[in-house]
Amino acid sequence: MTITKDDVITALRDCYDPCCRDRGISVVDMGLIEDVTITGRRVDIEIVLTSGWCPSVSILHKMMKERVEQCDGVDSVEVQMVWDPAWTMERLSDSARAKLTLPMDELIPYREKRLAAQEGG
């Protein structure tokens with residue numbers, strides 16, 4: 001079986017940055033995948049990070065490597081971080097953007113309560 005770029009992207013949809021796992025936002029929807037190159041049975045994945053100080057780098061690297069290695073037609077996987085281009089919020093998928101939007105209608109009562117307490121105190 002020959003692995004395709006679409007197969008790799010589908011597999012990577014099972015990988016989550018620990019900061020976004022609870023919201024169901026994969027590394028694909030976060031826009032972390034810069035490129036996927038397939039040479040025979042070898043897969044090279046280039047990812048960008050949301051921050052140069054991302055504490056999850058080793059977790060992401062291991063998770064993506066292990067997940068893609070499970071695919072039929074793959075013998076080896078290399079995951080590399082790239083710094084150009086830089087990650088920006090424009091890389092988020094529409095579904096990720098919606099999941100990261102604050103529910104202002106739910107938060108406004110908390111804000112009003114805090115403001116009222118400040119005025120009374």
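Visitor: Let's start with E119. Is E119 buried or exposed?
Guide: E119 is exposed, since its relative accessible area is 72%. The cut-offs are under 20% relative accessible area for buried, over 50% for exposed, and partly exposed in between, using a 1.4 Å probe and protein chains only.

Visitor: What kind of model is this, and which pLDDT limits apply?
Guide: This is a predicted model, where local features need pLDDT of at least 70 and side-chain atom pairs count only at pLDDT 80 or more, while totals for chains, interfaces and linings use all residues. Residues are numbered from 1 along each chain as its sequence is written, and side-chain values use heavy atoms, with hydrogens and water left out.

Visitor: Back to E119, where does E119 sit?
Guide: E119 is in helix 4, which covers residues 104-120. Helices here are DSSP runs of H or I with at least four residues, strands are runs of E with at least two, and both are numbered from the N terminus.

Visitor: Which residues make the nonpolar surface patch?
Guide: L102, M104, L107, I108 and Y110 make a patch of about 510 Å². Patch members have over 30% relative accessible area and no salt bridge; like charges are joined within 9 Å, and nonpolar side chains (Val, Leu, Ile, Met, Phe, Trp, Tyr) within 5 Å. The areas come from the Shrake-Rupley method with a 1.4 Å probe, and for residues only the protein chains shown count as cover.

Visitor: And Y110, buried or exposed?
Guide: Y110 is exposed, with a relative accessible area of 60%. Y110 is found in helix 4.

Visitor: Switching to charges. How many salt bridges does the structure hold?
Guide: There are 8. A salt bridge here is a side-chain nitrogen of Lys or Arg within 4 Å of a carboxyl oxygen of Asp or Glu.

Visitor: Why would such side chains pair at all?
Guide: Side chains of opposite charge can pair when their charged atoms come close.

Visitor: Which residue does R67 bridge to?
Guide: R67 pairs with D14, and the closest N and O atoms are 2.9 Å apart. That pair links distant parts of the chain, 53 residues apart: R67 is in helix 2 (residues 57-69), and D14 is in the loop between helix 1 (5-12) and strand 1 (33-39). R67 is partly exposed at 23% relative accessibility, and D14 is partly exposed at 43%.

Visitor: What else does R67 touch, leaving aside its neighbours within four places in sequence?
Guide: R67 is in contact with A11, D14 and C15. Contact means heavy atoms within 4.5 Å.

Visitor: OK, strands now. How do strand 1 and strand 2 pair, parallel or antiparallel?
Guide: Strand 1 and strand 2 (residues 42-47) pair in the antiparallel sense over 6 bridges. Strands count as paired if DSSP finds at least two bridges between them. I33 stands opposite I47 in strand 2. Strands 1 and 2 form a hairpin with 2 residues between them, and G40 in the turn has a positive phi of about 65°.

Visitor: And how do strand 2 and strand 3 run?
Guide: Those two run parallel, joined by 6 bridges. I45 has V79 in strand 3 as its bridge partner.

Visitor: Which unit do strand 2, helix 2 and strand 3 make?
Guide: They make a right-handed β-α-β unit. Right-handed means that, with the strands pointing away from the viewer, the path from the first strand over the helix to the second runs clockwise.

Visitor: Last one. Where is the cis peptide bond?
Guide: The cis bond joins D84 and P85, with omega about 10°. P85 is in the loop between strand 3 (76-81) and helix 3 (94-100).
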